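Trainee: Could we go through this model together? I would like to start with the aromatic rings.
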Amino acid sequence: MTTGRGSPPRGTRRGPARHERPVIDEAALVAARAGDRLVAEARARSAERWLAYFEPLPDRLRDDELADLRRTALRARSAFGPKDSVRDALPAEVTEPFLAAVDKLLKELARREVGEG
């Protein structure tokens with residue numbers, strides 16, 4: 001059974017629980033904390049566009065199932081594009097730690113996929 005958007009009903013796990021992959025869980029939590037700092041800076045600078053973009057991401061990084069974390073991390077990563085980047089609006093003190101944390105999360109997710117493939 002699905003919800004109409006192709007995903008299983010809420011509360012239905014589609015893979016191992018996050019606590020079963022502590023390295024990935026910790027990487028996601030580190031990224032979420034860095035995201036909190038980025039959101040606070042966007043709010044302080046009234047960078048409304050970036051605030052709207054990033055505001056939901058820290059909670060998703062904290063709460064998403066393993067199956068959804070890659071999509072969330074890629075969404076966060078896409079804000080660092082060559083033509084249009086959050087780096088143009090916010091200082092490196094908040095953008096670079098967030099980027100590094102998201103990249104580490106993506107690397108751990110890739111290791112998991114290789115190990116299971």
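Mentor: We begin with a definition: a charge sits over a ring if NZ of Lys or CZ of Arg is within 6 Å of the ring centre and within 35 degrees of the ring normal. Arg75 lies over the face of Tyr53, at 4.1 Å from the ring centre. Arg49 lies over the face of Trp50, at 4.4 Å from the ring centre.

Trainee: What should I know about the model and its numbering?
Mentor: The model is predicted, so local features need pLDDT of at least 70 and side-chain atom pairs count only at pLDDT 80 or more, while totals for chains, interfaces and linings use all residues. Residues are numbered from 1 along each chain as its sequence is written, and side-chain values use heavy atoms, with hydrogens and water left out.

Trainee: How many aromatic pairs does a search of the whole structure find?
Mentor: The search finds 4 aromatic pairs. Rings of Phe, Tyr and Trp (its six-membered ring) pair if their centres lie within 6.5 Å; planes under 30 degrees apart count as stacked, over 60 as edge-to-face and the rest as tilted. Trp50 and Tyr53 form an edge-to-face pair, with 5.8 Å centre to centre and 75 degrees between the planes.

Trainee: Why are Trp50 and Tyr53 separated by about one helical turn?
Mentor: Because they are 3 residues apart in helix 2 (residues 48–54). Helices are DSSP runs (H or I, at least four residues), numbered from the N terminus.

Trainee: Which other ring pairs with Tyr53?
Mentor: Phe54 does: the centres are 5.2 Å apart and the planes are at 75 degrees, so this pair is edge-to-face. Trp50, Tyr53, Phe54 and Phe98 form one aromatic cluster.

Trainee: Are Tyr53 and Phe54 buried or exposed?
Mentor: Both are buried, which means under 20% relative accessible area with a 1.4 Å probe, protein chains only; exposed is over 50% and partly exposed is in between.

Trainee: Now the core. Which residues have the most contacts inside the largest one?
Mentor: Phe54, Leu69, Phe98 and Leu105 do, in a nonpolar core of 32 residues. Such a core is a set of buried Ala, Val, Leu, Ile, Met, Phe, Trp, Tyr and Cys residues joined through side-chain atoms within 4.5 Å. Helix 1 gives the most to this core, with 9 residues.

Trainee: And where is Thr95?
Mentor: Thr95 is in helix 5, and at 0% relative accessibility Thr95 counts as buried.

Conventions: Helix = DSSP H or I, 4+ residues; strand = E, 2+ residues; numbered from the N terminus.
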